[in-house]
Amino acid sequence: MGKIYLTLPACPVRLNLRGGLEALSQQLTASVSRLHCPSLPTMPAVRGRKGWCGCLQNDEPPEITYCVVDQTGTLSLQALTPTQPMPAEEELNAKFAELVEELDLTAPNKAAMLSLPSEKKWQIYCSRKKDEDGKTDLLHLPDHYIERVHSLAMLQFPVDSEEEVRSRTRQLDGLKTALRTQPHSFVLRFIELDGLPALLGFLSTMDYATAQSSIHTSLIGCVKALMNNSNGRAHVLAHPTGINTIAQSLSTENIKTKIAVLEILGAVCLVPGGHRKVLEAMLQYQKFASERTRFQGIVNDLDRSTGIYRDEVNLKTAIMSFVNAILNYGPGQENLDFRLHLRYEFLMLGIQPIIDKLRGHENETLNRHLDFFEMVRNEDEKELARKFEKEHVDTKSASSMFELLRRKLSHTAAYPHLLSLLQHCILLPLDYGSHPQHWMLFDRIVQQIILQSENGDNPDLSPLNINVKELVRLLAREEELIAARNKAEELDRENVEIATKLAKKEQELDLRTQEKEDMETNLTRVKERLEKETAAHLETKQRVSELEYRASELDRQVNCERGERHRLERLVSSGSLPDDTK
């Protein structure tokens, strides 16, 4: 009684009675069940926030149906036959409304509960009242359970007493049942009295034998039941080490405990802010368990096929459900690069051959999770190939990826930097043994460059505290400064050349100016001489004119005298010269 049986429901979701953490796991499994839908859209690089399941139409976390597991392992709602007559409808509705308020339901499910038939309302009301009247083992107050948790945490594991182990398990099962079925006020009181630190303290201090026992399973069940309540879930997520402490329980060899922890972690991935908490918890678990990588342990458990793990399909199903949740929710719901980043981490751990081996179990539920993993992987790899205008990118071949980058970056400004990176990689020492720290550093830096958002947030945990955007901005500024410096040097060279040319031109100009002055001096002298010669010429010309005039006067006089002489000679010769003329 009271055990929650987590299944993979088909759409649509059934009517749920109360919200819980396990319901968040059903959101992932509901998306997995879409593999059997007639039409499946292509996985986008950026998805919407409403998930992938058509039955989840809003961002409200899905609810869980609390059922009783009978001896055959099937689920059925516990129906009690009322021993009292049903009151009038108005009185029944008032009582039932008070009961619904105690169930911590979301608005849609509260409305669904209030719309139930009167007979069903009366059955549920009588069932709750039976618990509250003390006819079941739910009479104790929260402080009693907290005191018992503290007491159990201080006890050593009873190695020789199976009955004592069963007794402690029953005590924790009582708290688990109370957290699931008692009114909402019970959970609030449990939280106010520091019930959560008591549970987490027990988890963190239990000895090895207790960690392998059913006590550990029941204690994780208490945490799980607390997280089925919205306030309890909020307090666990707000606790600085809550999820880390829960994740440490993965170190147990108790399969039921492992499954419960994986269900909690997978469901937390669906809660806003929970995905990063889970990544932090897995990194902390890596240090706690002294493992090489954060997901090494769960991949090893997925691969184990000997002893108690040989036919343990439920654990392998829970692991694949967790893997699908960590890949496809949180930042991975919208960010293709982030999904590829985390999937590469799983592939480096060898999950693909393990998946191929798990097909041999021929389990329908497990196969749905495996199909979902491979379907999303194929769609993401197709989307990646479209970036390079290819049908497929062989991410297992270093030469293939290098050739792809070479072709993509050839004849671009980035190509010299790619060559420089390769040239400096060749200069690194190659004798690293089993600890290639330098290559690990390169890997981490490139991962952070790829994943860091524009505002500097890292969706995955980063061991390096660097601001990629700021560094890129500084590098861009450095490139601008280098370009400006080169431009300034070029301008200086041009300036020197221009100054040299200008000096030569000035010398030529001075020479030409001197020549001009000499020419002007000569010209002035020639002009002066010309003016003197002109003046002398005019004077000479004037004198010539005067002489010509005098010569003409003399000629005239000569002519006159010659004429007069001739006349006189004629007179003389004729003898007729008058006396006065004589």
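This is a predicted model: local features need pLDDT of at least 70, side-chain atom pairs count only at pLDDT 80 or more; totals for chains, interfaces and linings use all residues.
**Ground rules**

I number residues from 1 along each chain as its sequence is written, and for side-chain values I use heavy atoms, with hydrogens and water left out.

**Entry: aromatic pairs**

I searched the whole structure for aromatic pairs and found 3. The rule I applied is that rings of Phe, Tyr and Trp (its six-membered ring) pair if their centres lie within 6.5 Å, with planes under 30 degrees apart counted as stacked, over 60 as edge-to-face and the rest as tilted.

I looked at tyrosine 285 and phenylalanine 288, whose ring centres are 6.4 Å apart and whose planes stand at 35 degrees, so I noted the pair as tilted. Both residues lie in helix H14 (residues 274-288), 3 residues apart, which is about one turn of the helix. For helices I rely on DSSP runs (H or I, at least four residues; strands are E, at least two), numbered from the N terminus.

I then asked how covered each partner is, taking buried as under 20% relative accessible area, exposed as over 50% and partly exposed as in between (1.4 Å probe, protein chains only). Tyrosine 285 has a relative accessible area of 5%, so I call it buried, whereas phenylalanine 288, with 44%, is partly exposed.

Another pair, phenylalanine 295 with phenylalanine 346, is stacked, with 4.5 Å from centre to centre and 25 degrees between the planes. This pair links distant parts of the chain, 51 residues apart: phenylalanine 295 sits in the loop between H14 and helix H15 (296-303), and phenylalanine 346 sits in helix H17 (residues 336-348). I found both phenylalanine 295 and phenylalanine 346 to be buried.

**Entry: salt bridges**

My search of the whole structure gave 27 salt bridges, each defined as a side-chain nitrogen of Lys or Arg within 4 Å of a carboxyl oxygen of Asp or Glu.

I opened with glutamate 91 and lysine 95, whose closest N and O atoms are 3.2 Å apart. The two residues both lie in helix H2 (residues 89-101), 4 residues apart, or about one turn of the helix. Glutamate 91 is partly exposed, with a relative accessible area of 40%, and lysine 95 is also partly exposed, at 26%.

Within it, aspartate 301 bonds to arginine 304 in a salt bridge whose closest N and O atoms are 3.3 Å apart. Aspartate 301 counts as buried at 9% relative accessibility, while arginine 304 counts as partly exposed at 30%.

**Entry: a nonpolar surface patch**

I found a nonpolar surface patch of about 400 Å², made by Leu430, Trp439, Leu441 and Phe442. Patch members have over 30% relative accessible area and no salt bridge, and they are joined within 5 Å for nonpolar side chains (Val, Leu, Ile, Met, Phe, Trp, Tyr) or within 9 Å for like charges. The areas come from the Shrake-Rupley method with a 1.4 Å probe, and for residues only the protein chains shown count as cover. Phenylalanine 442 is placed in helix H22 (residues 437-451) and counts as partly exposed at 32% relative accessibility.

Is histidine 369 buried or exposed? At 1% relative accessibility I count histidine 369 as buried, and I located this residue in helix H19. Histidine 369 and threonine 317 are 52 residues apart in sequence, yet 7.2 Å apart in space, C-alpha to C-alpha.

Histidine 144, in helix H5 (residues 142-154), is partly exposed, with a relative accessible area of 30%.
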